[in-house]
Amino acid sequence: MDQLALLFVLLLGAVVSVPVGDRFGLPAPVLMTLLGIVLAVLDFVPNVDIPPELILPALLPPLLYASVRRTSWRQFTANKRPIFLLAVALVFVTTVVVAVVANAIVPGLPIAAAVALGALVAPPDPVAATAVAGQLGLPRRLVSILEGEGLFNDVTAIVLYHVAIAAAVSGSFSLPRAALDLVLSAVVAVAVGFVLGWATNKLMTLVGDATLQIGLTLLVPYASYVLAEELHGSGVLAVLTTALFLAEYATDADDVMTRLAGHTFWDVVDTLVTGVAFGLIGLELHNALRTAAGRWGEMLGWAAVIVAVVVLVRLAWLLPATWLTKRLHAKRDYDEDIPTSWRETVVMWWAGMRGVASVALALAIPLKMDDGSPFPDRDEIVFIAFGVIMATLVLQGLTLPWLVKKLGVRADTDSEEAFERALAVRAAKAAKRRLREIEEVEELPEELSEQLLRRAYDIGVRISPDMGDEERREAHEQRVRRIKRIRRIQGEMLSAARHEVLSARSEPGADPEIVDRVLRHLDVRSLR
């Protein structure tokens, strides 16, 4: 098997792992990691030959962009306090504690290298947390916090990692310079993100075509990441800024086809890239195991200690941080998502899985120092990092569904349904307002006006049937049954038409482009 065949195996596994995971109640990213581990121990499967410095730029931009599409700037600003406590403060604390412990237990490990280890194992993975939490029916407030933490903690961790690596390689460290680098990195990233977001928004209006617009959204995250990194900014923060800008300002309510096609496209990209990323985690385990040859007991002991530190520090931080957030939330009128019970706090704790960023950072540790000597304890750092990744991702990922079920943590369906009803009412009222505005400038027959008024009401009822009274719901249900019957018959008619047009493709003298154009017209008609 060569590298290309291995890539196709991972892509196939990414597709298959989704229905298999749904069938057995297991997270697809964890299944892909297990697949990677199985492939890693097979003799005929080659070692992954990807330069470590390309892993983050290749995988992280589309994953971050896909994640941001599911959220909004308003959601981040509403949850800024818990996100800050988790994505910034907790990453700092975890890095420091891991560095102190690693420096104490690993003989000869320099403090700068220990800080690099702490930084690369500190950030929970945004893709793993979102993918796992999204399948478990958790309260939306928990998913929002986990998404926000996962998206922003990589920024903090990667900057800390680069500072630590630079100090280890050069042998010198300046705290004021490191703090200045951190601030400048964030400023450059935000500037790049806003500029590219604004330019992309203008360019989307210029290109117009839905296919070109969606293709542009695939290129923009990579451009944002690479440009920010070239200017010594944070590529992760730049992608987040660009994606949030586009989500806020590049959405045209009437551009239905672009929105539907874009949603499907990014679902496919998210599924495939996520699968490949977590498959690579399992495959890279082979390299980590090779470094432990002859030292299994010692290195497994170090890895177990660091795993315990990472897991316990998160719990020790979450308990008081959640309590503090609740106190501040009670004193002030904040519309903020916070855990409301110790059970939800425990679920947040156990959902702190490490993943793609940790792997990429571990493999990107340089082989040599500036003076040409080997990087101190590089093999030990890589092995410990993979121990943390495997323990948190596989163990916590496989047991999180059981824990959620055992603790009885579920989404608040009543509040979600109430919000859905409120949106349905707003949609129906907006449609009625527009109808009244049209009636003021156009003379409509009374029968047509009444029919359109019923359709305006139906807009809301179709979203949330509970918004109408019993009599109106019955009338609506009768209309729905009649419309369903008409659509079923019309669907069969359109199906016959599509089969007839498609059969013309193989007829002598038929122009395939014309056939496809007619077929596309019928396909669009079928969506109405």
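**Exercise 1.** Find which residues touch the most other members of the largest nonpolar core.

*Solution.* Start with the term: a nonpolar core is a set of buried Ala, Val, Leu, Ile, Met, Phe, Trp, Tyr and Cys residues joined through side-chain atoms within 4.5 Å. Buried means under 20% relative accessible area, exposed over 50%, and partly exposed in between (1.4 Å probe, protein chains only). The largest core holds 120 residues, and Leu 117, Leu 120, Leu 283 and Phe 375 touch the most other members. Next, look for a separate core: a second one has five residues, including Leu 494 and Val 501.

A word on the model: it is predicted, so local features need pLDDT of at least 70 and side-chain atom pairs count only at pLDDT 80 or more, while totals for chains, interfaces and linings use all residues. Residues are numbered from 1 along each chain as its sequence is written, and side-chain values use heavy atoms, leaving out hydrogens and water.

**Exercise 2.** Work out how the rings of Phe 265 and Trp 266 are arranged.

*Solution.* Rings of Phe, Tyr and Trp (its six-membered ring) pair if their centres lie within 6.5 Å; planes under 30 degrees apart count as stacked, over 60 as edge-to-face and the rest as tilted. The whole structure has four aromatic pairs. In this one, the centres of Phe 265 and Trp 266 are 5.7 Å apart with 90° between the planes, which makes the pair edge-to-face. Last, check burial: Trp 266 is buried at 3% relative accessible area, whereas Phe 265 is partly exposed at 27%.
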